[in-house]
Amino acid sequence: RVRDAAEHVMKMHPMWQGPLAIPGGDRQSPIDIVVRKSIFDSELKPLVSVYDPNTCQQIWNNGYSFLVEYDDTTDKSTLKGGPLQDNFRLCQFHFHWGESNAWGSEHTLDRRLFPAELHLVHWNSDKYSLFEEAVMEDNGLAVIGVFLKVGKRHEGLQKLVDALPAIRHKGSVVEFTRFDPACLLPSNINDYWTYHGSLTTPPLTESVTWIIMKHHIEVSHDQLAVFRSLLFTSAEEDVQKSMVNNFRVQQPLCGRAVRSSFS
Ligand SMILES: CN(C)c1nnc([C@H](N)S(N)(=O)=O)s1
Ligand SMILES: [Zn+2]
């Protein structure tokens, strides 16, 4: 199977040499969303995202993905509503992708794989004062997931794609400003699934309210190819490894409900 091959390749990354599971973890991510088993919840409110492009600060290669980081010392870029009871601050966004367009996403819809998945990571600024605190708490984080499909070029993404050659190696960082992450959201953000899960990279803490968009965004084949030109490895390492298949294997649902905001 596609996923088996990728699973083998992905486990080669040092990230996954350690414990692959949280002992007793019963709300791990990512998962397969079985659409027909999701439960429509009419109480789910519209999502309200307010992002200030002036809070965008830098883009860097952390050796597993590339992250666009935002100033989260104020409530200038926030997410609320939807399944959330509190106000959440945007701290970063990043992607997961495959070595080919056949796979790459972390979540799947009825086992359908997408070539890539965008994650916008937010933390609960009503209850906590730092991401590092929130990451340990049940209601600490909210991550929006958006599937990417290969098609027409995404004009808003190109500014980010053009910055990638400057951060090819693990540990490289460049200034990256005035980027509005709203341009990466689908036009309709009110059709989503939501469930309680975890970070998909260590510390794998079970602190995430996942909000997975029903509608995808389109990027071009060439734009995705630039993602794959990044490297897992730093400039000093002898063997350079392409940054591909940076997704976690799927985790058991353990009886969790997946709710939908649409019927
Ligand atoms: C420290 N932060 C913001 C994160 N730690 N792990 C993250 C994962 N990449 S994900 N996929 O967002 O759970 S995001
Ligand atoms: Zn992620």
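Colleague: Where is Arg178 found?

Modeller: Please keep in mind that this is a predicted model. Arg178 sits in the loop between strand 11 (173-175) and strand 12.

Colleague: What is the phi of Arg178?

Modeller: The phi of Arg178 is positive, at about 50°, although this residue is not a glycine.

Colleague: Is Arg178 buried or exposed?

Modeller: Arg178 is exposed, and its relative accessible area is 58%. Asn245 also has a positive phi, of about 55°, and is not a glycine. Asn245 belongs to the loop between helix 4 (221-227) and strand 15 (259-260).

Colleague: And is Asn245 buried or exposed?

Modeller: Asn245 counts as buried, because its relative accessibility is 1% and the cut-off for buried is under 20%.

Colleague: Let us turn to the metal. Which residues coordinate the zinc ion (ligand 2)?

Modeller: The zinc ion (ligand 2) is coordinated by His94 and His96 through NE2 and by His119 through ND1, at 2.0 to 2.1 Å. Along the sequence, the donor residues follow the spacing H-x1-H-x22-H.

Colleague: Why does the pair of His96 and His119 tie together separate parts of the sequence?

Modeller: His96 is in strand 7 (residues 88-97) and His119 is in strand 9 (residues 116-124), so the pair ties together parts that are 23 residues apart in sequence. Both His96 and His119 are buried.

Colleague: What is the geometry of the zinc ion (ligand 2) site?

Modeller: The site of the zinc ion (ligand 2) is tetrahedral, with angles of 98 to 118° among its four donor atoms.

Colleague: What lies 3.3 Å from a nitrogen atom of ligand 1?

Modeller: That is a polar side-chain atom of His94. For His96, a side-chain N or O atom is 3.2 Å from a nitrogen atom of ligand 1. For His119, the distance from a side-chain N or O atom to a nitrogen atom of ligand 1 is 3.2 Å.

Colleague: How much of ligand 1 does the protein bury?

Modeller: Ligand 1 exposes 370 Å² when taken alone, and the protein buries 82% of that.

Colleague: Now the charged pairs. How many salt bridges are there?

Modeller: The count comes to five salt bridges. One of them is between the side chains of Arg89 and Asp75, at 2.5 Å from N to O. This pair links distant parts of the chain, 14 residues apart: Arg89 is in strand 7, while Asp75 is in the loop between strand 5 (66-70) and strand 6 (78-81).

Colleague: How accessible are Arg89 and Asp75?

Modeller: Arg89 is buried, with a relative accessible area of 13%, whereas Asp75 is partly exposed at 40% relative accessibility.

Colleague: Which residue forms a salt bridge with Asp86?

Modeller: The partner of Asp86 is Lys127, and their closest N and O atoms are 2.9 Å apart. Here too distant parts of the chain are linked, 41 residues apart: Asp86 is in the loop between strand 6 and strand 7, and Lys127 is in the loop between strand 9 and helix 2 (131-134). Asp86 is buried at 13% relative accessibility, whereas Lys127 is partly exposed, with a relative accessible area of 47%.

Colleague: One last topic: which residues does a cis peptide bond with omega of about 0° join?

Modeller: That cis bond joins Ser29 and Pro30. Pro30 lies in the loop between helix 1 (2-11) and strand 1 (32-33). The peptide bond from Pro202 to Pro203 is also cis, with omega near 20°.

Colleague: And where is Pro203 found?

Modeller: Pro203 is in the loop between strand 12 (192-197) and strand 13 (208-213).

Definitions and conventions: Residues are numbered from 1 along each chain as its sequence is written. Chains are lettered from A and ligands numbered from 1 in the order in which they are written. This is a predicted model: local features need pLDDT of at least 70, side-chain atom pairs count only at pLDDT 80 or more; totals for chains, interfaces and linings use all residues. Side-chain values use heavy atoms; hydrogens and water are left out. Donors are N, O and S atoms within 2.8 Å of the metal (3.2 Å for Na, K and Ca); water is not among the atoms, so sites may look incomplete. Four donors count as tetrahedral if all angles lie between 85 and 135 degrees; four count as square planar and six as octahedral if opposite donors are over 155 degrees apart and all others between 65 and 115; anything else is irregular. Helices (H or I, at least four residues) and strands (E, at least two) are DSSP runs, numbered from the N terminus. Buried means under 20% relative accessible area, exposed over 50%, partly exposed in between (1.4 Å probe, protein chains only). A polar contact is a pair of N or O atoms within 3.5 Å; within protein, one must be able to donate a hydrogen and the other to accept it, and residues adjacent in sequence count only if both atoms are side-chain atoms. Accessible areas come from the Shrake-Rupley method with a 1.4 Å probe; for residues, only the protein chains shown count as cover. A salt bridge is a side-chain nitrogen of Lys or Arg within 4 Å of a carboxyl oxygen of Asp or Glu.
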